[in-house]
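Hi,

Here is the structure I promised to pass on. Have a look first, and my notes follow below.

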Amino acid sequence: MAARETPDKTLGESLRDIGLSRRGFLKFCAATASMMALPPSMAPAIAAALEQARRPSVIWLSFQECTGCTESLTRSHSPSVEELIFDFISLDYHHTLQAAAGEAAEAARLQAMEANRGEYLVIVDGSIPGPDANPGFSTVAGHSNYDILMETVEHAAAVIAVGTCAAFGGLPQAKPNPTGAMSVMDLVKDKPVINVSGCPPIPMVITGVLAHYLTFGRLPELDAYHRPMAFYGQSIHDRCYRRPFYDKGLFADSFDDEGAKLGWCLYRLGCKGPTTFNACATMRWNAGTSWPIESGHPCLGCSEPSFWDGGGFYEPVSVPIGTSTTTLLEAAAVGAVAGAGIATVARKGKKDAVKTRQPVTIEELEQKL
Amino acid sequence: MNGSMEFLLWVKGPLFTIAMVIFAIGLLARLLEIFLLGRAPNYAEARAGEWLPGLRTMIARTVADPGTFKRAPFNVVVGWLWHIGFLIALLLFIPHIELFKGVLGLYWPGLPNPIVDLATGVTLVALVATLVHRMTHPVKRRISTTEDYLVWTVVFMVVLTGYLAYHRLVEPYPLALGMHILSAELLLVLLPFTKLTHIFTAFIARWYNGAAFGRKGVQS
Amino acid sequence: MSGSDQIPVSIESSASCSGKPRDYGNARAVLGQIRHALERLIASGEETRIDLNAMPFGPGDLEHLTNCLGTGEVQASVEALGPTRIQETAIPGVWLVDYLNAENQRLTLHIEIANVPQILCPQPQDLALAIDRLDARLDGTPAPNTPPLSS
């Protein structure tokens, strides 16, 4: 795989070269707007921007991950549009997908970095054993994940962390975090980092973020966790079609009761929708078929930091983490003993006071005044 | 900790345990101290039973008599309003019931959210009214201590943050929920060591009074 | 079969399985949006496009919406980057535009409130070249990149 330099042609020109009609282009823009979670009224702006867009070089790095994110992306459901997007990015290195291996693969990465210095995008999936961790926990071609990441991002335009592992540490970082896993955001401080969290992220969201960068040549608006607002701006709860049941106080109490069958709110079954920000409720999964809550399962909160350590998946949001009845009873017992102690001391004090009490006359009291 | 989610998990996790431990130790210590200290022995012959008058006083002192109502109608009406509203929000909001179920294993049916919401709204307004009354009424103003204002602030913060979180008026939501839980933890920690202990001792004290009256054969 | 036939199975026929689409009330909000858009179209000619893919619909909400809008007289199809199916609803000026890819999977579904959906209109840049293209045909030299009418 030879690294290609960013071609001079714009995306608009390239699309016309392959015979895409203007109506096709209009449709492409409508689909792209939908994919970027932008309103249809943005389509003309997208069309104008795409006319000018140039093809960026992309280097995809996989670290401590399960390939679920790549699976999600390569199975995304609107191939024609996404194919077009991928035709117009130059995916120069992705060691799970590429044909090249070993020396040749690493050479492709270095070549792409050299040819597109300062302009290429780095996509990362998987968390990274931090600089203080044993570098042997995860290596590619004999180099530690940390070294590869730092080397690759040095001259990158931006880094996109795909999946909760890359964005927040994810499963590898779950307690007790044996590999000292860290997120991209923890390690890369001097480059823009976009987090596309989720386990895995919705494929349309991955391509949507790429499309945004490709179209407008800049990063989308981000939230406090560096996630694109267009997709992560609203909570699952706020966009949930079952929200009216929450508001009415109609809940499923178990997975097979009447409430569950009638599609009532899954809060009591542990739904993390209220504290989870993602686009599942509108973009859905599997070619728009459904999404967890529509399938009757509470949201696990997979796009949030520490979701593995955020309490049981089937514990409601309001239930504290790790406070047990036993702790409470032990504390109460300690309190009871302390109370008994204080009472004993006080009783003794009272007794002593009674013993040593001296009568006081009115004259003495008046003298004191 | 660099984000709202970490903040929420921190207040829901270790901080909640700490608050619960302080609360349980403090409350049990206070209650045991009161019970074990006991009352001065009464050597006089009992004129009547203790239990019935004790229970009667528990109710009688809770429902204000006409005289008290005439003298201080604001205290009675607003006091009742916000206490009831607070109890509805605390005990009958379904996420709270889940919390009790998770920590104590006890649970009971809840109310639909709009009713709880209304009760919370009434509580908030009533609490503001009590503060205004406290600060404008010359006698109340005179007898109010720093502790009174502290207790008011903590209770008000719990209700206010809960209202804000439910209506999602603070973004992001994990921050709003975390603030609510944090204020509730503050309330739990302060409860055994301030006037808030009355939540557990008020009815016991009323029973004591009634029982003492009953023993003496005085009307309770 | 290792004893799995011993597991008791009961088939329940509950209301949710009867096949009748549930209504989660989201269609009403979109219908309200369409009504405002129609007012704007009539008053000022302003067109509106609503991306139904971006709606937090529950199962059955979309069916409710399309059933309520009904079916009008016009149906059209555009072949560009896969098919696009255009259907007039029973409400004049309200169109359903279904963008599909070559494998007939939905890219996005729009409701368009306009006299004619945008994708049916000739595109301005194409229109600018229309006379040249016709002239070329009048001259008897068919343009190489234009397919014959029969295709």
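**Where chains A and B meet**

In this predicted model, 43 residues of chain B are in contact with 41 residues of chain A, contact being C-beta atoms, placed from the backbone, that lie within 7 Å. As it is a predicted model, local features need pLDDT of at least 70 and side-chain atom pairs count only at pLDDT 80 or more, while totals for chains, interfaces and linings use all residues. Residues are numbered from 1 along each chain as its sequence is written, and chains are lettered from A and ligands numbered from 1 in the order in which they are written.

On the side of chain B that touches chain A, α2(B) gives the most, with 16 residues. Helices here are DSSP runs of H or I with at least four residues, strands are E runs of at least two, and both are numbered from the N terminus. That side divides into 27 nonpolar, 10 polar and 6 charged residues; Ala, Val, Leu, Ile, Met, Phe, Trp, Tyr, Cys and Pro count as nonpolar, Asp, Glu, Lys and Arg as charged, and the others, Gly among them, as polar.

Chain B and chain C do not touch, and their nearest C-alpha atoms are 18 Å apart.

**The sheet in chain A**

Chain A holds an open sheet of 5 strands in the order β2-β1-β3-β7-β9, with parallel pairing; strands pair if DSSP finds at least two bridges between them. Its edge strands are β2 (90-94) and β9 (193-196) of chain A. β1 (residues 57-62) of chain A pairs with β2(A) over 4 bridges, and Ser57(A) has Ser90(A) as its bridge partner in β2(A).

Enjoy exploring!

Methods
Contact = placed C-beta atoms within 7 Å.
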